[in-house]
Amino acid sequence: KNYKNNILSSLRKLSHVTQTDSRNDIKDLISGVCTEVYREQNDIFAASVAYSHFDTISESEREFQTQSTIERSKFDHETINKFRGKDLSVDYDDDYSNVNINTNKKPFDSNSDTEIDTTTCAVVTLLFSIEGNKTKPNGTMSSLPDLLSTLLRIASDVQTGDCLLAAEVLWSPEADEDVLTRNEIMIDYPDLRII
């Protein structure tokens, strides 16, 4: 789980080193996440994709916010939360009684050799709103090649011009002590398809 080269440590590193002040920063973040997930292709066991097309940007924004709320509500709490260049992360005591906003965050140490003897599955959710329909996935996510093709398309399309309107990256587990099983994933994410 906390080995240097896994998707959770890669996402944590990206979240700590990536700025979120500008559209270009967000484009780099989304492209980087796609690249990191692509690198983990040997460990991926399920995936899903959803696509909607809207006539106006306001309809797209409304749906993006709805989907963001749905996905974020699947988490008990968020340990990493960066928005428009501000770190809004919240630290909780073990019993969640004391909340400290961005005061006790441990700086990310990419050189840490800390290894905890726990294994976990992980879920990575990528929400984004993009102008145009070139990024539309081909059919359903029924195989690993489908997923890899979609990741490559997203990684390149978000970098094109100013077409990226909004984006959010969510993953679980975030906290070091949390563990997620395949059964828990399939219950919380029923749209996932085994690939």
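Leaving aside its neighbours within four places in sequence, which residues is Glu36 in contact with? The first legend below gives the answer, and the legends belong to a predicted model.

**Figure 1. Glu36 in helix α2.** Setting aside neighbours within four places in sequence, Glu36 is in contact with Ile7, Ser10 and Leu14. With Ser10 there is also a polar contact, side chain to side chain, at 3.2 Å. Glu36 has a relative accessibility of 16% and therefore counts as buried, the cut-off being under 20%.

**Figure 2. Asp25, another residue of helix α2.** The relative accessible area of Asp25 is 22%, so this residue is partly exposed. Outside the four places on either side in sequence, Asp25 is in contact with Thr18, Gln19 and Thr20.

**Figure 3. The largest nonpolar core, with 23 residues.** Ile30, Val33, Cys34, Leu151, Val158 and Val169 are the members that touch the most other members. At least two residues of this core come from each of α1 (7–17), α2 (23–39), α4 (144–157) and β7 (164–172). Helix α2 gives the largest share, 6 residues.

Figure 4. When neighbours within four places in sequence are left aside, Ile30 is in contact with Leu126, Ile154, Val158, Ala167 and Val169.

**Figure 5. Helix α4 and its buried residues.** The 14 residues of α4 reach 20 Å from the first C-alpha to the last, close to the 20 Å expected at 1.5 Å a residue. Leu147, Leu148, Thr150, Leu151, Arg153, Ile154, Ala155 and Asp157 are the buried residues of this helix. They pack against α2, β1 (46–47) and β6 (123–130). In an α-helix, residues three or four places apart point the same way because there are 3.6 residues a turn.

**Figure 6. Arg182 over the ring of Phe45.** Arg182 lies over the face of Phe45, 3.9 Å from the ring centre. As for pairs of aromatic rings, the count is 0.

**Figure 7. The cis peptide bond between Ser172 and Pro173.** Omega is about 0° for this bond. Most peptide bonds are trans. Pro173 sits in the loop between β7 and α5 (182–188).

**Figure 8. Glu63 in helix α3 (residues 57–72), shown with Ser129.** In sequence Glu63 and Ser129 are 66 residues apart, while in space their C-alpha atoms are 9.1 Å apart. Glu63 has a relative accessible area of 28% and so is partly exposed.

Figure 9. Starting at the N terminus, the elements follow the order α-α-β-α-β-β-β-β-β-α-β-α-β. Of the 195 residues, 35% are buried. Among contacts between residues at least 6 apart in sequence, 77% join residues at least 24 apart.

Notes: Residues numbered from 1 in each chain as written. Predicted model: local features only at pLDDT ≥ 70, side-chain atom pairs only at ≥ 80, totals over all residues. Heavy atoms only, no water. Core = buried A, V, L, I, M, F, W, Y, C linked by side-chain atoms within 4.5 Å. Buried < 20%, exposed > 50% of the residue type's maximum accessible area, 1.4 Å probe, protein only. Helix = DSSP H or I, 4+ residues; strand = E, 2+ residues; numbered from the N terminus. Contact = heavy atoms within 4.5 Å. Polar contact = N/O pair within 3.5 Å; in protein donor to acceptor, adjacent residues only side chain to side chain. Phe/Tyr/Trp six-rings, centres within 6.5 Å; stacked < 30°, edge-to-face > 60°. Lys NZ or Arg CZ within 6 Å of the ring centre and 35° of its normal. Expected span 1.5 Å × (residues − 1).
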